[in-house]
Amino acid sequence: GNNWTIEDLLAVNQFPIAPVDPSTVVMTGGDPVIGADTELSVIMEGLAEVTGDPQAGMTLYNGSLAWMGCHMNAAVAPVLEGTWTRVQEERLTLPQFADYTGEMYLVESITHPNDYIVPGYPANVMPSNFANRLTYQQLADLVEYLKSQDQPN
């Protein structure tokens, strides 16, 4: 039937991680979070002060942020594989991103996801509160992980 509960789904034991409502996860790690009202230029200045770790970014992406759940199915969101290639070869060729770097595009996509919606996908799918949940270090880690996702040769 259609009346499955989370407990029913977990009992099936087929999920790599427990389903979680991403909007309920708070990520602070003791450092201050970025803040939803922070402008992209200010976020980029803050990111210049930290070095991202792609392994830590992968842990966030696949674990506590639960992004893998949406980004493993192209019907829901753009797939992870090839992210950096698409940013460089498709997104940055669009007029509205003429002054952007790839890093700026990724940061804006994470912290202000409804500012640009990839054609073919609906708005308001990605939670818009990541700027209130991530530290600069966590955001830098995620950006480095996403930059490691090129198209396979």
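Colleague: How exposed does tyrosine 100 count as, and why?

Modeller: Relative accessible area sets the class: buried is under 20%, exposed is over 50%, and partly exposed lies in between (1.4 Å probe, protein chains only). Tyrosine 100 has 21% relative accessibility, so tyrosine 100 counts as partly exposed. Phenylalanine 97 has 2% and therefore counts as buried. Over the protein chain of 153 residues, 34% count as buried.

Colleague: What should I keep in mind about the model itself?

Modeller: It is a predicted model, so local features need pLDDT of at least 70 and side-chain atom pairs count only at pLDDT 80 or more, while totals for chains, interfaces and linings use all residues. Residues are numbered from 1 along each chain as its sequence is written, and side-chain values use heavy atoms, with hydrogens and water left out.

Colleague: How do I read an aromatic pair?

Modeller: A pair of aromatic rings is described by the distance of the centres and the angle of the planes. Rings of Phe, Tyr and Trp (its six-membered ring) pair if their centres lie within 6.5 Å; planes under 30 degrees apart are stacked, over 60 edge-to-face, and the rest tilted. By this rule there are seven aromatic pairs. One of them joins phenylalanine 97 and tyrosine 100, edge-to-face, with 5.0 Å centre to centre and 75° between the planes. Elsewhere, Tyr61, Trp67, Phe130 and Tyr145 make up one aromatic cluster.

Colleague: How many helices and strands does the protein chain have?

Modeller: Elements are DSSP runs, numbered from the N terminus: helices are H or I with at least four residues, strands are E with at least two. The protein chain has seven helices and zero strands.

Colleague: At what angle do α2 and α6 pack?

Modeller: Axes are lines fitted to C-alpha atoms, for helices over the stretch in contact, and angles run from 0 to 180 degrees between N-to-C directions. Helix α2 (residues 40-47) packs on helix α6 (residues 102-111) at about 115°, with the axes 10 Å apart. Under 35 degrees is roughly parallel, over 145 roughly antiparallel, 65 to 115 roughly perpendicular, and the rest oblique. So α2 and α6 are roughly perpendicular.

Colleague: Which residues make that contact?

Modeller: Contact means heavy atoms within 4.5 Å. From α2 come Leu40, Ile43, Met44 and Leu47; from α6 come Glu103, Met104, Val107, Glu108 and Thr111. Ala, Val, Leu, Ile, Met, Phe, Trp, Tyr, Cys and Pro count as nonpolar, Asp, Glu, Lys and Arg as charged, and the others, Gly among them, as polar. That gives six nonpolar, one polar and two charged residues between α2 and α6.

Colleague: Is glutamate 108 buried or exposed?

Modeller: Glutamate 108 is in helix α6. Its relative accessibility is 10%, so glutamate 108 counts as buried. Leaving out residues up to four places away in sequence, glutamate 108 touches Leu40, Phe97, Tyr100, Pro113 and Asp115. The C-alpha atoms of glutamate 108 and methionine 44 are 9.6 Å apart, though 64 residues separate the two along the chain.
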